[in-house]
Amino acid sequence: MGQNISKQVDISAEMDNWSISIRLDKREAATSIYERLKRFMNDYTTETLINFLLLESRFYLMHKDTVNGANSIDKAKAYLPHFNDTHRHYFHLAEGILFYNETHYPEALNCFEKAEKYLSHLDDPVEIGEFHLRQAMTYFNLDITTLSVLHAERAIEALKPYKTFEFLLAHAEMLQGLNYVDLRNFERAEEYLHSALTTFKRVGNNNFIASTNLNLGVLYVKSDLPAAAIRYLEEALKHNQARIRLKILYLLADCYWKTDQTSKALETYTNGFNESIEKDDLAKKWEFAMLHKKYVDRINFESVWQEGIEYFRRINDFYNVKRFSTELAEYYTEHSQYELATKYYSMALLQ
């Protein structure tokens, strides 16, 4: 490291602070440190440059910037002969995060499994806990709930002793809450989600406050408590998080209809349906259309739901195929149309 660097800034300490800011989702702080660090790039040793590029990829991926994140990974890859085992861990971790952000979950898991081979070279329990959290998130999205529970628990145990990283602990608790929703253990799910919400409020992360309120809404929807769900979904909506707005509107409209708040339901449905068209989100457009047929346009209920299920099959949206096929099968069973009921039950079970 050149003398001109050491006189102006402690690069090692700045790198550590940058890493912490990224892991804690402190975007403004991370950006400020990044702007300082990149001014000295031309003077970095090879090892420092590798560390910088791998952290830079994480920085961009925190911002959901997959293009620049991938570019940083490619730049780091050019120094592959100089990698030590710690570098190899972080390299595969960065690749996994990139695939995860692109929703390529099997590929993400493959990268995380490669990174896991070098996990013993890390001496920071917090980094190990965060790694288990990322594995748990990936298993959750692959609908492998039992392994998600296992890794989320490892993350929680690793992160519990460290007050500075309570944000990561809350993230793990939120995920564990979702796991227990899937397992229909609603009491434990509620416990984890409320604990996570308390922490996110304390650290002031609006993004995760909105997500946790949404997840509590999901919990109460699945518990057949739509009135309770509305409270949390309305809170989630207040935080104006674009990435989850359509999901919130969908669940809110459904809960308003279930609680006989027809005018609110129609207004919320209309907003969601129109926004799905504006955003060219065809999957959400189908979800809103199917919701409308369920509560309002009953004449076209069967045909639209059948078309919607076929659409979700074509795009390999297995979750929605299972969800809507199960409900349509129940409808046909209630109307003694057993052949159609069998068809859609079978479709749901195959997912």
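Predicted model: local features only at pLDDT ≥ 70, side-chain atom pairs only at ≥ 80, totals over all residues.

Entry 1. I began with H15 and H16, and I can note that they are roughly antiparallel to each other, because their angle falls over the 145 degrees used as the cut-off. The angle I looked up for helix H15 (residues 262-278) and helix H16 (residues 282-295) is roughly 150 degrees, and their axes come within 8 Å. I also noted that H15 and H16 cross in a left-handed way. Which residues make the contact? From H15 I listed Tyr269, Gly272, Phe273, Ser276 and Ile277, and from H16 I listed Lys284, Lys285, Phe288, Ala289 and His292. Sorted by class, the residues in the contact of H15 with H16 are five nonpolar, three polar and two charged.

Entry 2. Next I turned to helix H11 (residues 186-203) and helix H12 (residues 206-222), which pack at an angle of about 160 degrees with their axes 9 Å apart. I therefore wrote down H11 and H12 as roughly antiparallel to each other. Is the crossing left-handed or right-handed? H11 passes H12 in a left-handed crossing. On the H11 side, I found Phe186, Leu193, Leu197 and Phe200 among the contact residues. On the H12 side, the contact includes Phe208, Ile209, Leu216 and Leu219. My tally for the contact of H11 with H12 reads 11 nonpolar, four polar and three charged.

Entry 3. The crossing of H18 and H19 is left-handed. H18 brings Val321, Leu328 and Tyr332, among others, to the contact. Among the residues that H19 brings are Tyr338, Tyr344, Tyr345 and Met347. By class, I wrote down 11 nonpolar, three polar and two charged residues for the contact of H18 with H19.

Entry 4. How many residues line the second largest pocket, and which lie nearest its centre? I found 25 lining residues, with Asp16, Ser19, Leu55, Tyr90 and Glu127 nearest the centre. Helix H2 (11-23), helix H4 (46-62), helix H6 (85-101) and helix H8 (125-141) are the elements that each give two or more residues to this lining. H2 gives the most, with seven residues. By class, the lining of the second largest pocket divides into 10 nonpolar, eight polar and seven charged residues.

Note on methods:
Residues numbered from 1 in each chain as written. Heavy atoms only, no water. Axes fitted to C-alpha atoms, helices over the stretch in contact; angles between N-to-C directions. Helix = DSSP H or I, 4+ residues; strand = E, 2+ residues; numbered from the N terminus. Parallel < 35°, antiparallel > 145°, perpendicular 65-115°, else oblique. Left-handed = near helix turned anticlockwise from the far one by under 90°. Contact = heavy atoms within 4.5 Å. Nonpolar A, V, L, I, M, F, W, Y, C, P; charged D, E, K, R; others polar. 1 Å grid on protein atoms, 1.4 Å probe; cavity = no way out; pocket = protein on both sides within 12 Å on 5 of 7 lines; lining within 4 Å.
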